[in-house]
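I opened my notebook to look up a few things in one structure. My entries follow.

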Amino acid sequence: MRYKYPAFVGAGVSASVLAALLGYAQKVPCSSGGAWNSFTGQFRDACYTDIYPLYYNEGLSSNQVPYYGHPVEYPVLIGAMMQAAAWAVHSVTDLNARGKDFYYVTVLLLAVCLIAGVLATAATAHREGDGAGWKAALLVALSPGLILAAFVNWDLFAMALAAGGLAAWAAQREWLAGILLGLAVATKFYPLLFFGALLLLCLRAGKMREFGRALGGGVAAWLVVNLPVALTATAGWGRFYAFSRDRGADWGSVWYLFEHYNVPVLGDSSTGALNLLSSGGFALACVGVAVLALAAPRRPRLSQLCFLLLAAFLILNKVWSPQYVIWLVPLAVLARPRVWAYVLWQLAEVAYFFGIWGYFVYLYRTPGQAGYAGVTPGWYFVLLAARLLTVGLVASTVVADILQPERDRVRASGLNDDPSGGVLDRAQDRLVLVWHRDPREPAEAAAS
């Protein structure tokens, strides 16, 4: 008897391959047209990537091993992927050709990550029923913002691991969920926020043992891949953390806007003040999300809380690079906000993607250079604000669904509670911040 794969598998693989091809094609003016070797040319053609220049800047072209031969500004698993791609092309003798081949190999690896991340997100959504799996696969893979940003950096690697962790949690495999999320944190730091969402929801549902298993798996996985490097190449390993601490207000962030316009207090350019404002603001946002998680009339769904924490982090972070849209897309699809808000956000992401490269043209073009003059600061900051506001808009629709569960598109039918919540799905509340809370299971309370 032949095994019949769920519809989301075919849809997810096909859509991911198409997205990878479109993402690759978007970079062709640079990869094949030579724009990478023209500083403003790569911005004018909007085909910039970190991957090609970092092959040289991180010492990979001269056979330096990440962290050991050269400090790297990324966590260890990205360093490992960089080294793997460098090994794959080390036999190419021409230095320029080797840099391009490094990019091509990395694109192949990231395309595999894209497929894995899309399928993991689709598997999580599939538990909702009614074709939610294949719909989620298409929404993630064919997100315009994701396609444009797919090969700017190594973020698809983290997205795949984080999506896999959430899929494992949905399948009630807490150890595996923790391991995958721990590895995701060793790739990009943002999946650490998912442990925060799990803590709040497990606290409310009295599922702390399950949370402990996930946390234990995450800590163990993170230590396994980090500790050997931290002990044997401490300075190189610590570069990521020092860089994150010492960087100033950077591209895309609200702090960069405040600094540009010299806004009193908020526009303080000193690193110490900026770190205090950014981390303090995010801490307050986390308190707000915690209160929402514990006091909402019905326990929020896991994907909703993960999205809110990540959105708050990006809005208040010191840098908001174009490729960070990759972090948000799977969570937005699972959180199921209003379609119009999602579309507006994607349009803002596309506008910002082209806007930041145009802004770089404006900043770095030589005096008297003919042709495209770029995007002026005024318009750049309009696009920056539009992206920030549309993410906030999507977040507001998610909050509205939490406060009014009957609006939630996943729960509206009365058949679902939190399909991606694993042990949280249909669990009773054990700890809430309201006294009149109905102690019955969510499904029962909704039906009465």
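I looked just past helix 9 and found Gln-172 with a positive phi of about 60°. Helices here are DSSP runs of H or I with at least four residues, numbered from the N terminus. The model is predicted, so I kept to its rules: local features need pLDDT of at least 70, side-chain atom pairs need pLDDT 80 or more, and totals for chains, interfaces and linings use all residues. Residues are numbered from 1 along each chain as its sequence is written, and side-chain values use heavy atoms, without hydrogens or water.

Next I checked helix 9 itself. Helix 9 covers residues 155-170. Is helix 9 enclosed or exposed? I found 16 of its 16 residues buried, so helix 9 is largely enclosed by the rest of the structure. Buried means under 20% relative accessible area, with a 1.4 Å probe and protein chains only.

Then I turned to Thr-106, in helix 6 (residues 95-126). Thr-106 has 0% relative accessibility, so I noted Thr-106 as buried. Its side chain reaches the backbone oxygen of Phe-102 at 2.8 Å. That is a polar contact: a pair of N or O atoms within 3.5 Å, where one must be able to donate a hydrogen and the other to accept it; residues adjacent in sequence count only if both atoms are side-chain atoms. Leaving out residues up to four places away in sequence, Thr-106 touches Ile-51, Ala-85 and Trp-154. Contact means heavy atoms within 4.5 Å.

Methods. Helix = DSSP H or I, 4+ residues; strand = E, 2+ residues; numbered from the N terminus. Buried < 20%, exposed > 50% of the residue type's maximum accessible area, 1.4 Å probe, protein only. Expected span 1.5 Å × (residues − 1).
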